[in-house]
Amino acid sequence: MSEMKSSIFYCLIIFVLILLKIQISDESEFRVDMSKADLTHVPQDLPVRTTTLDLSQNYISELQTSDLRPLPKLRDLIMAHNRIQYLDVRVFQFNTELEYLDLSHNKLRMVSCYPTVSLRHLDLSFNPFDALPICKEFGNMSQLKFLGLSANQLQKSSVQPLAGLNVSKVLLVLGDAYGEEEDPESLQDVHTESLHIVFPTKKEFRFTLDVSVSTAVSLELSNIKCVEDKNQCFHFRSVLAKLQKNPSLSNLTLNNIETTWNSFILILQLVWHTTIEYFSISKMQLQGQLENRPFYYSGTSLKAFSVHHVVSDVFNFSQGDIYRIFANMNIPNLTMSDTHIIHMLCPSQASPFLHLDFSNNLLTDMIFSDCEHLIKLETLNLQMNQLKELVKVTHMTNKMKSLQQLDISQNSLRYDEDTTACSWTKTLLILNMSSNTLTDSVFRCLPPKVKILDLHNNRITNIPKDVTHLEALQELNIAFNSLTDLPGCGPFSSLSVLIIDHNSLSHPSADFFQSCHKIRSINAGNNPFQCTCELREFVKNLGQVSSEVIEGWPDSYKCDYPEGAKGTLLKDFHLSPLSCNTTLLIVTIGATMLVLTAIVTFLCLYLDLPWYLRMVCQWTQTRHRARNVPIEELKATFQYHAFISYSGQDSAWVKSELLPNLEREGTRICLHERNFVPGKSIVENIINCIEKSYKSIFVLSPNFVQSEWCHYELYFAHHNLFHEGSNNLILILLEPIPHYSIPSSYHKLKTLMAQRTYLEWPKENSKHGLFWATLRAAINVKLMEQGKEMNHTLHVKGYQCM
């Protein structure tokens, strides 16, 4: 048991140390990028903890010890494309951790050496050195993996210090003056796995340099110019012929070649019979004519041949000759990209081609038409050509019995389902038809066993429901189309990866994840999502899926509508269930209305709410009207606050209730018993009192409607209402008046009771306070003192409103 605990403790210690090392490593990286800063010298205020310093593409002309001494942790120094003319390696004596030094593309002519063993990358290429800048101290750089050099002259003796090193890659740039005094054996002591030699530009190749370095596995030669057709590139072919001495060489790359068609075929024929397995030519310019000569295919070690970016001045010979040479190559892999070929012949016999790449050319639908000899072909790339009819492409593949991967993207393909039916090879598993002009109908023209299908950047708006079932389809890319909904997985039962970003998805179906059980990755971001109720369930389902499944979540999923929510992340979009469920909303509103109805009914039946509301409304309106009447007008016009008209049979209530409650506040009341002027007629007194009173109060009861004088008073008050535009009538309903009991001649009373609000005398004592407050508010106005005119106490005999 103790041994087990010790083992566990030991493992924990190791784990902590590893984490600590990683943390220290991450913290120790500090990069300073001051490239393209128009600097003329190394800045003096650089951070001490700098590990990587990029000063490339400036105007620095010298390096001094004081420039770099403050940077003891410096590991990488990049000073390419400056104006340094002289380098004293001793400037790095305090930078003991320096591993990467790039001084390429400067104006160096001399290097003063100093012992340094830490460098792994040293680039002095593209500098105007006359001789190789190699010191004896170079032999001590045992850690060196990359060495870039420049020279106008090569001598075997100058390379000798490198004999003991095994550098992974050597870049040798030969200056424009190279070739005047040449030592063909100068590179024989170089030990490297990869050798790249850049010959002088725009100079006819007449060099004799032996490039067959014994340890090289990869050889790259740049700037080859041999256009003098009379010797058919003799010197360069002689250099290539020496490659036979190095049986370990398997990769040959030629860059930036300018030659003739005949020389190109001779170079190809020569390499064909070497030990080279992978031969690549890039940026080739051809001229002249091609002679009809046989090409010998037997005895080759070549596995792959590629040609990239070919420019030909003229094609004044039968192009079938060159197509035939390429079509009948007995190698597994052939690439001809950006070569402007317009056709390719079918091999004359069963071909060993496994992979063909004819991308970025001018090939049409006629390529490999009725070709029966590509039975081993597994991969075909026809990207960026002139293909137009998808049906013809399907027929092309029909006889490719082993074809598994086809790339026909970036063409002008279209499919008309009314034409001939599609006829794909049954072995096709990976199909790329992106960036074409295909529409929804393409789903009726797909290989039956396809596993990976790329249809992005087409014109697809919908996936038809009656498509052929693609039970093997695992990955589908339909991004950058115009789809408005997520496809169901009915026809695609094995679908595990769906890419449908940059479409027109506004409110995708919420049941997608229920129908697509095998989905392990979906990218539906950057769509114009409409954040409405329809999207709520989809967002809810997204939130329940692992973030590892939803690519780009949540940053790529944003609302596009409504305008107020535009830019909001879907994860922050929320709508209540009530606002999105119509049934629930109706039930909730109905229940609320029932509760409110019950409350109102209770208040009306048991607390007499309507009466209280009418009284409060009347009091509010009265106060509002009183504020709108100018105070000076009131003082100058009226002597009384109110004139009271009532039936004699109701005088007890008037004198015991009405007058005491109004006059206690200083209110002036006009009564016929004390304020009618003797000697004037009753009608004249009535009119005079009404005109001098701010309000006219009528105490209504069944007795009131039986009095003729009360009717006159009401008539005159109503006439004054319309004549002066005032609102001076106050009706108090002392007792209910049945409608049938009002005489037909009392039409004004009927009209007033129908049109105007009246105060109803409450029987409950608890309501009396509100009644009097409302009535006092209706007549409350400050009047001017009128002296003795207001103090009449005469009793008028012979008149009663009875």
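Helices α4 and α5 of this predicted model have axes that come within 10 Å and cross at roughly 10 degrees. Angles under 35 degrees count as roughly parallel, and α4 and α5 are therefore roughly parallel to each other. Two packed helices are described by the angle between their axes and the distance between the axes. The residues that meet are Phe 236, Arg 237, Leu 240 and Ala 241 on the α4 side, and Leu 266, Ile 267, Leu 270 and Val 271 on the α5 side.

In soluble globular proteins, nonpolar side chains tend to be buried together. The largest nonpolar core here has 169 residues, and its largest share, eight residues, comes from α5. Within this core, the residues with the most contacts are Phe 305, Met 329, Phe 358, Phe 368, Ile 408 and Met 433. Another core, of 22 residues, lies apart from the largest one and includes Tyr 646, Ile 669, Phe 771 and Trp 772.

An open sheet of five strands comes next. Its strands run in the order β27-β26-β28-β29-β30, with parallel pairing. The edge strands, each pairing on one side only, are β27 (669-670) and β30 (759-760). Strand β26, residues 640-645, pairs with strand β28, residues 693-700, in the parallel sense over five bridges. In this pair, Ala 642 stands opposite Lys 695 of β28. Helix α14 (residues 651-663) packs on the sheet, where α14 touches β26, β27, β28 and β29 (729-733). The direction of α14 makes about 150 degrees with that of β28. Helix α19 (residues 768-779) packs on the sheet as well, touching β26, β28, β29 and β30, and its direction makes about 145 degrees with that of β28.

Charged contacts complete the picture. Side chains of opposite charge can pair when their charged atoms come close. A search of the whole structure finds 13 salt bridges. One of them joins Arg 31 and Asp 54, whose closest N and O atoms are 3.5 Å apart. This pair links distant parts of the chain, with Arg 31 in strand β1 (residues 31-33) and Asp 54 in strand β2 (residues 52-54), 23 residues apart. Asp 54 counts as buried because its relative accessibility is 8%.

Asp 210 and Lys 245 form a salt bridge with closest N and O atoms 2.6 Å apart. Asp 210 lies in the loop between β10 (192-198) and β11 (218-226), whereas Lys 245 lies in the loop between α4 (234-241) and β12 (251-260), 35 residues apart. Asp 210, at 0% relative accessibility, counts as buried, while Lys 245, at 53%, counts as exposed.

Glu 277 and Lys 303 meet through their side chains in a salt bridge of 3.8 Å, N to O. Glu 277 is in the loop between α5 (261-272) and β13 (278-287), and Lys 303 is in the loop between β13 and β14 (304-312), 26 residues apart. Glu 277 is partly exposed, with a relative accessible area of 25%, and Lys 303 is partly exposed at 37%. Elsewhere, salt bridges that share partners join Asp 370, Glu 372 and Lys 399 into one network.

Conventions:
Residues are numbered from 1 along each chain as its sequence is written. This is a predicted model: local features need pLDDT of at least 70, side-chain atom pairs count only at pLDDT 80 or more; totals for chains, interfaces and linings use all residues. Side-chain values use heavy atoms; hydrogens and water are left out. Two strands pair if DSSP finds at least two bridges between them. Helices (H or I, at least four residues) and strands (E, at least two) are DSSP runs, numbered from the N terminus. Contact means heavy atoms within 4.5 Å. Axes are lines fitted to C-alpha atoms, for helices over the stretch in contact, and angles run from 0 to 180 degrees between N-to-C directions. A salt bridge is a side-chain nitrogen of Lys or Arg within 4 Å of a carboxyl oxygen of Asp or Glu. Buried means under 20% relative accessible area, exposed over 50%, partly exposed in between (1.4 Å probe, protein chains only). A nonpolar core is a set of buried Ala, Val, Leu, Ile, Met, Phe, Trp, Tyr and Cys residues joined through side-chain atoms within 4.5 Å. Angles under 35 degrees count as roughly parallel, over 145 as roughly antiparallel, 65 to 115 as roughly perpendicular and the rest as oblique.
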